[in-house]
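Okay, thanks for coming, everyone.

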Amino acid sequence: MTNHPAPRALSRAHQVTLMAIMIAAIIVLQRFLSIRTPIIQINFMFLPIMLTGMLMGWKSATFVATIADLIGALLFPSGSFFFGYTLTAALTGFAAGICLYRPNGIKLDRNFMLRLVICILIITGALNGGLNTIWILLTTSNASNIIIPVRIAKQLIMAPVMFIAMTAVVKLFSERLRHLTQPALAEAVTDDD
């Protein structure tokens with residue numbers, strides 16, 4: 001059994017670069033590669049938010065999700081700005097960081113799967129299904145008999161999509177992700193093999 005060195009902290013430049021990439025990815029996935037109707041929006045912006053939470057923790061994920069929402073709303077508006085959606089984005093980053101971050105790295109095991117399910121339930125149930133539905137009802141005409149069933153159906157579809165997508169990303173790219181955020185640990189593991 002070999003002792004692996006403790007993960008070293010990312011340099012400030014490395015952190016800023018990684019967060020900028022994630023912010024850009026969120027904006028592209030939300031503003032350009034999404035399906036929009038007045039009632040629902042289907043996109044994959046959850047991937048960079050959850051990856052940031054998994055790789056860098058809740059502070060970075062909250063920051064990235066909030067800044068991406070603000071920049072996207074200012075540069076590529078799709079209606080009038082409403083701060084409630086920014087709050088939901090920030091809470092999504094917070095939930096991803098709290099549920100998915102582990103300082104000792106990424107490992108696709110039963111513990112990760114349980115934390116991923118909890119994270120997805122918080123995001124799809126409380127945040128997207130709850131808060132965002134409230135924001136939609138506040139900013140549009142109150143057609144709750146149409147909006148609420150459609151939003152429930154969307155979250156029921158998105159929950160397994162999120163689980164499958166995140167599980168696939170972790171399974172396919174866990175070593176690369178580990179090397180991205182913990183170069184000293186990843187190099188030690190590679191040297192021992």
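Before anything else, a word on burial: I call a residue buried under 20% relative accessible area, exposed over 50%, and partly exposed in between, with a 1.4 Å probe and protein chains only. Helices here are DSSP runs of H or I with at least four residues, strands are runs of E with at least two, and both are numbered from the N terminus. Now the housekeeping. This is a predicted model, so local features need pLDDT of at least 70 and side-chain atom pairs count only at pLDDT 80 or more, while totals for chains, interfaces and linings use all residues. Residues are numbered from 1 along each chain as its sequence is written, and side-chain values use heavy atoms, with hydrogens and water left out.

How many of its residues are buried? Eleven of eleven, so to speak: α2 is mostly covered. The buried set includes Phe46, Pro48, Met50, Gly53 and Met54. Just after α2 comes Gly57, with a positive phi of about 100°.

That brings me to the core. By nonpolar core I mean a set of buried Ala, Val, Leu, Ile, Met, Phe, Trp, Tyr and Cys residues joined through side-chain atoms within 4.5 Å. The largest has 38 residues, and Phe46, Met50, Met54, Leu100 and Met166 have the most contacts inside it. Helices α1 (12-32), α2 (46-56), α3 (58-75), α4 (83-100), α5 (110-139) and α6 (144-181) each give it two or more residues. What does Met166 touch, not counting residues up to four places away in sequence? Phe46, Leu47, Met50, Leu51, Met54 and Leu116, where contact means heavy atoms within 4.5 Å.

Next, helix pairs. Axes are lines fitted to C-alpha atoms, for helices over the stretch in contact, and angles run from 0 to 180 degrees between N-to-C directions. Under 35 degrees counts as roughly parallel, over 145 as roughly antiparallel, 65 to 115 as roughly perpendicular, and the rest as oblique.

Take α2 and α4: their axes come within 7 Å and cross at roughly 40°, so the two are oblique to each other. On the α2 side we have Ile49, Met50, Gly53 and Met54, meeting Thr92, Gly93, Ala96, Gly97 and Leu100 in α4. That contact splits into five nonpolar, four polar and no charged residues. For that count, Ala, Val, Leu, Ile, Met, Phe, Trp, Tyr, Cys and Pro are nonpolar, Asp, Glu, Lys and Arg are charged, and the others, Gly among them, are polar.

Then α3 and α4. Their axes come within 7 Å and cross at roughly 155°, which makes α3 roughly antiparallel to α4. Contact residues include Trp58, Ala61 and Thr62 of α3, and Tyr85, Ala89 and Phe94 of α4. Overall that's nine nonpolar, five polar and one charged.

Leaving aside neighbours within four places in sequence, Phe94 is in contact with Trp58 and Thr62. Its C-alpha is 8.6 Å from that of Ser60, 34 residues apart along the chain.

Last pair: α1 and α3 come within 9 Å, axis to axis, and cross at roughly 45°, so they are oblique to each other. That contact divides into twelve nonpolar, three polar and two charged residues.
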